[in-house]
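User: I would like to go through a protein model with you. Could you take my questions as they come?
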Amino acid sequence: MPEQTPEEAISSAGAGGVMDLALEEGTTLERPPGGPDGAGPAEKPRSLWSDAWRDLRRNPVFIISALIILFLVIISIWPSLIADQDPLDCNLGKAQEGSQPGHPFGFDGQGCDVYTRTVYGARNSVTVGVCATLGVTLLGGVLGGLAGFFGGWSDSILSRLTDVFFGIPVVLGGLVFLSVVTSSTVWPVIGFIVLLGWPQIARIARGSVITAKQNDYVQAARALGASNTRMLLRHITPNAIAPVIVVATIALGTYISLEATLSFLGVGLKPPAVSWGIDISAASQYIRNAPHMLLWPAGALAVTVLAFIMLGDAVRDALDPKLR
């Protein structure tokens, strides 16, 4: 029997055949996308944050730095887990002595155990870094974001104010500001870092918000009558916060180093507080006779700062779409 053309098949099928063909065609078109056989749900599109987390989990730099930071946080909260002695318990008879059983790092100039002081010194350093970063990010992010969103006179005032703060040398400002403080706690140091550190975050947040508010989805939300609060919280902030997180993560290591520098100069943390900067300052005059006094706290400081900088670099690479 000769084959029929599509036109002949439709004409011979009649009205019912045409309806059956149309229903079969509609069923085929409505079949959900999936694998080769058309089965299975459609894949959900990934967001920037999910892609960033996937890249971070595959980055060995992030894994190593995160493990170091996790260890530092644990010993900062519970230093007695790995150090069972008192950092202020000193014996002048053992001053400047080297490694001994039960004292692997030796003793400092006052006869204090260097290992115990190195472990307990992580608490103040990590506290200063984390609290100062949170304060700087909150203050600078809010001021910079509002100035970038509203513009006008608020943006001009913020720009001139940040220029003034950028002109103040950090170390010189610390010598002037902290020299009149007699407290031996970490809070004056944290307050000083927040005072001079917020302009950097403010400029980053301002530029990121200015870029984000020019996107089409923000203009569409504005045209639909969305309030300024809704646009800031729902549309602009989630898309402008990535550069702020990257800069804040890298700056955290810098703040730890700044605390050690100020403590080394005698205006940061003060005895009886335990700090790597204080121990480095005390050990600097014995570097020839007892170099171990300087080696261990300086090494701990270097590893901590390096870990946070490596973490910031990994986060930057994961959140930067241009590097994908």
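User: To start, what percentage of the residues in the protein is buried?

Analyst: This is a predicted model. Of the 324 residues in the protein, 39% are buried.

User: And the surface, how much of the accessible area belongs to carbon and sulfur atoms?

Analyst: Carbon and sulfur atoms account for 65% of an accessible surface of about 18300 Å².

User: How many helices and strands are there?

Analyst: The protein has twelve helices and zero strands. From the N terminus on, the elements therefore read α-α-α-α-α-α-α-α-α-α-α-α.

User: What share of the contacts joins residues at least 24 apart?

Analyst: The share is 68%, taken among contacts between residues at least 6 apart in sequence.

User: Let us turn to I256. Where is it found, and is it buried or exposed?

Analyst: I256 belongs to helix 10, which spans residues 242-264. I256 counts as buried because its relative accessible area is 0%, and the cut-off for buried is under 20%.

User: Which residues does I256 touch, beyond those up to four places away in sequence?

Analyst: I256 touches S125, G129, L301, T304, V305 and F308.

User: How do the axes of helix 10 and helix 12 cross?

Analyst: Helix 12 covers residues 292-319, and its axis comes within 8 Å of that of helix 10, with a crossing angle of roughly 170°. The two helices are therefore roughly antiparallel to each other, since angles over 145 degrees fall in that class.

User: Which residues of helix 10 and helix 12 make the contact?

Analyst: On helix 10 they include I245, T249, G253 and I256. On helix 12 they include L301, T304, V305, F308 and R316.

User: How do the residues of that contact divide into nonpolar, polar and charged?

Analyst: There are 14 nonpolar, five polar and two charged residues in the contact of helix 10 with helix 12.

User: Changing topic to N124: where is it found, and is it buried or exposed?

Analyst: N124 is in helix 4, residues 114-150. It is buried, because its relative accessible area is 17% and the limit is under 20%.

User: What does the side chain of N124 reach?

Analyst: The side chain of N124 reaches the backbone oxygen of V274 at 2.6 Å.

User: And which residues is N124 in contact with, leaving aside neighbours within four places in sequence?

Analyst: N124 is in contact with V186, L269, A273 and V274.

Technical notes: Residues are numbered from 1 along each chain as its sequence is written. This is a predicted model: local features need pLDDT of at least 70, side-chain atom pairs count only at pLDDT 80 or more; totals for chains, interfaces and linings use all residues. Side-chain values use heavy atoms; hydrogens and water are left out. Helices (H or I, at least four residues) and strands (E, at least two) are DSSP runs, numbered from the N terminus. Buried means under 20% relative accessible area, exposed over 50%, partly exposed in between (1.4 Å probe, protein chains only). Contact means heavy atoms within 4.5 Å. Accessible areas come from the Shrake-Rupley method with a 1.4 Å probe; for residues, only the protein chains shown count as cover. Axes are lines fitted to C-alpha atoms, for helices over the stretch in contact, and angles run from 0 to 180 degrees between N-to-C directions. Angles under 35 degrees count as roughly parallel, over 145 as roughly antiparallel, 65 to 115 as roughly perpendicular and the rest as oblique. Ala, Val, Leu, Ile, Met, Phe, Trp, Tyr, Cys and Pro count as nonpolar, Asp, Glu, Lys and Arg as charged, and the others, Gly among them, as polar. A polar contact is a pair of N or O atoms within 3.5 Å; within protein, one must be able to donate a hydrogen and the other to accept it, and residues adjacent in sequence count only if both atoms are side-chain atoms.
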